[in-house]
Amino acid sequence: MVWLAFMLVQAPLRRGFGIGPATGLALSLAGAVLLWWWSQHLLLSGRIGWLSLLPGAVLAGVGTITLSWAGHLLLSHAMQRSLDEFGPLGPVFTLLSWLISIFVVAISGMALGEAVATSARYRQAEALLGGAEAEE
């Protein structure tokens, strides 16, 4: 339900609710980070603390938003080219490739985030912020 609600507000969020593209980019990034942060927490059943999940959420959010903004520039041309080359199935292949790309970026961001969250430097910063998590 949360993912569906997020998808429904993507267009106004991206436009910054009429304020401008810079605001839209900031809101999209914030929304994506929050969504990936919450998704990791949900999928891991709360076994990992929130602060440990933050680097993965930031990397996945920034990566997916960057890829989606690039999609506005590239995807229409790629869809037309695949339609010309392969007929009606061409856009299907392009869309599937695009979806795979999005999830590779998201999973890579979360995997790299785990490496960041377990690094000594991140743990020191976490301890300085008073975020020593009781669950661990």
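1. Helices here are DSSP runs of H or I with at least four residues, numbered from the N terminus. By that rule Phe86 lies in helix α4. The model is predicted: local features need pLDDT of at least 70 and side-chain atom pairs count only at pLDDT 80 or more, while totals for chains, interfaces and linings use all residues. Residues are numbered from 1 along each chain as its sequence is written, and side-chain values use heavy atoms, with hydrogens and water left out.

2. Phe86 counts as exposed because its relative accessibility is 53% (exposed is over 50%, buried under 20%, partly exposed in between, with a 1.4 Å probe and protein chains only).

3. Helix α5 (residues 90-117) gives the most to it, with six residues.

4. α4 packs against helix α6 (residues 120-128) at an angle of about 130 degrees, the axes being 11 Å apart. This makes α4 oblique to α6 (angles under 35 degrees are roughly parallel, over 145 roughly antiparallel, 65 to 115 roughly perpendicular, and the rest oblique). Axes are lines fitted to C-alpha atoms over the stretch in contact, and angles run from 0 to 180 degrees between N-to-C directions.

5. Ser45 is not a glycine, yet has a positive phi of about 55 degrees. Ser45 sits in the loop between α3 (21-43) and α4 (50-86), and is exposed, with a relative accessible area of 57%.

Key:
Helix = DSSP H or I, 4+ residues; strand = E, 2+ residues; numbered from the N terminus.
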